[in-house]
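Good morning, colleagues. I would ask you to look at the sequence and the model on the screen while I go through selected features.

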Amino acid sequence: MGEGRRGQPYLPANGMRTRLLAGLLLCPLLLTGCATGTPGGSPSGNPPTTSASPDKLLVIFVRVEPSTLATRSFVQKSAGLFVPWRLFNALPALVDAHGDSLPELLAELPALNTGSWQVFPDGTMQTNYTVRPNLTWHDGQPLTADDFVFGWRVYSHPDLGLASQPPMSAIADASVTDKEHFTIRWKALYPDADSLSAIDRELSPLPQHVFGASLDQMASSGKDQFINHPGWSTQYVGSGPYRLQNREPGSFLDLVRFDGYALGVPKIARIQLRFSDDQNVVVAHMLAGEAQMATDQSLGQTGGETLSHSWAATNGGTILQLPTTWRYLGFQLRPELATPKSLLDIRFRKAVAHALDRQPIVDAAYGGQAYIADTPVWSNSIWGPALEGVPTYPYDARLAEGLLNELGYVRGSDGVHRNAEGRLSLEIASTESPTTAAEILIAANQLQSAGFDMQQRVIPAAQAQDSQLRANFPGTQIISTLLGEPGLDTLSTTQTPTENNRWVGGNRGAWSSPEYDRLLTSFNHTLSRPERLTVLGQMLRIYTDELPRFSFVFPAQPTAFVSSLQGPILTPPESRVAWNVHLWELK
């Protein structure tokens, strides 16, 4: 699935062009060993309504152990573990397979220009929320409006590092009316004020009975005591469809269904989450019938192809392919760390971009199952129209050479460029993953051919969550983050990880553009989608003009599950495959 033109992805000859628009959500990028129809029954994605699955165990592989089970965290979260976060947590709303927000913990969503969502002439707003009655946390304690307001108090606390992120940055105050009603007063317009559940922008409730005393003591005991509270990890109390029963560090989590879940008792009684970054191990367990699902980057394209071929003759299972992440080459822009210093010059970054041919990376690292990316925005998402007219950096070795010559670099007899400071040495790093070996090798070889003296560094999976290490790279680093709006957020100055914010934030290269920040604020505080598209186009032009990152691909991430598991279906980037996990059945 290469890209004949930017933003115009094509499937292999036996497929058809895909677009994740409202009515076509069930057809893109589905590989199956059985039929090509939608798994899970009805077109809505809800499996047939039957009694709850007997006491069966669903084993799911994810790539790494979650560093926290919370949807938002004060430490760097494990990358891309969407299934664990969904299993343990409920939000004000969930996003379904059509990209629509549905009430989850809320009884209903506020509606714009009604008494529940008012916009005032001065640009402020007020939203009123009704919580479902008789909700409880996993430990049986009541979940009320107080917990929503307490969540806002925690996430907006100036000492905890998230106050400048949406939606907290737009909220002036939150207050409780009674146990089932609360109000948020907004100091700025915020388009997701109805659901409070956009990916990486959630405002989730927190159990006040677990964290309240610790928050009150933070002034005297310090923020570390609160951040390291076991309630974030080993003693996690959530409100999602499953609760933690047992934990074997480094190996697995045992979950049991939560009978008090807001949308009803989940059909599958028990789930075990296992961790492995070795796709050969994952494939072996799947083929042996010892696991029923592999997701969240635990399965590379090679493993997916192995399963697909093995299942083809036996109707053994299904593989869903859908991009959820943005893979890019990040440049280090901290002057004290950048090596070489030429990284701080846009001409150098453009030279790197033009020296890289991404199609071989798509073919070798992803088996053709990836879209070449030029920005954080996928052309088939709801924000695709904003890409019109945005500059790109196609492979052009002669142009790369010319840009390096402008900077004073001259290619020596050994093929390596030099300037007055010496050889052009550049490190390329990446965390260990199923795609890393091919990705980093191809990119390094291409840059070597363009006259760079390349050093390669693979960060072990055990250090993937070391946010300080990940931020303090000297040259370039291949990084994954969410595509779309969350990816745009990681380019803001407020997302720069530093010692002061405990190295939390997705702007690892420390790019700072006041104009981009201003436009991002406008984008996040504009209610009209056409106006937001205009602002987004301006943001993308700044990004491509200054090139703090060179976009690689949107990998089509494989999720595999056996035919006896009914319920998972394709979803748009604004949703996740486990959105309806409480309705899944294991036959």
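The accessible surface of the protein comes to about 21,800 Å², and carbon and sulfur atoms hold 51% of it; such areas come from the Shrake-Rupley method with a 1.4 Å probe, and for residues only the protein chains shown count as cover. The model is a predicted one, in which local features need pLDDT of at least 70 and side-chain atom pairs count only at pLDDT 80 or more, while totals for chains, interfaces and linings use all residues. Residues are numbered from 1 along each chain as its sequence is written, and side-chain values use heavy atoms, with hydrogens and water left out.

Of the 587 residues in the protein, 58% are buried. Buried here means under 20% relative accessible area, exposed means over 50%, and partly exposed lies in between, with a 1.4 Å probe and protein chains only. Among the contacts with a separation of 6 or more, 70% are between residues 24 or more positions apart, a contact being heavy atoms within 4.5 Å. The secondary structure consists of 15 helices and 27 strands; these are DSSP runs numbered from the N terminus, helices being H or I with at least four residues and strands being E with at least two.

Let me turn to helix H10, residues 397-406. Which residues of helix H10 are buried? They are Ala 400, Leu 403 and Leu 404. Because these cover an arc of only 100° around the axis, they lie on the same side of H10; the arc is that of the directions from the helix axis to the C-beta atoms. Arg 398 and Glu 406, on the other side of H10, are exposed. The buried residues of H10 pack against helix H8 (346-354) and strand E20. At the start of H10, a side-chain oxygen of Asp 396 comes to within 3.3 Å of the backbone nitrogen of Arg 398. Just after H10, Gly 408 has a positive phi of about 95°.

Strand E20 leads us to an open sheet of 3 strands, with antiparallel pairing in the order E19-E20-E21. Two strands pair if DSSP finds at least two bridges between them. Strands E19 (410-411) and E21 (422-423) are the edges, each pairing on one side only. E20, residues 417-419, is joined to E21 by 2 bridges, and Asn 419 has Gly 422 in E21 as its bridge partner.

Finally, a hairpin. Strands E12 (residues 242-248) and E13 (residues 252-257) pair in the antiparallel sense over 6 bridges. Glu 248 has Phe 252 in E13 as its bridge partner. With 3 residues between the strands, this hairpin includes Gly 250, which takes a positive phi near 80°.

Terms used
Polar contact = N/O pair within 3.5 Å; in protein donor to acceptor, adjacent residues only side chain to side chain.
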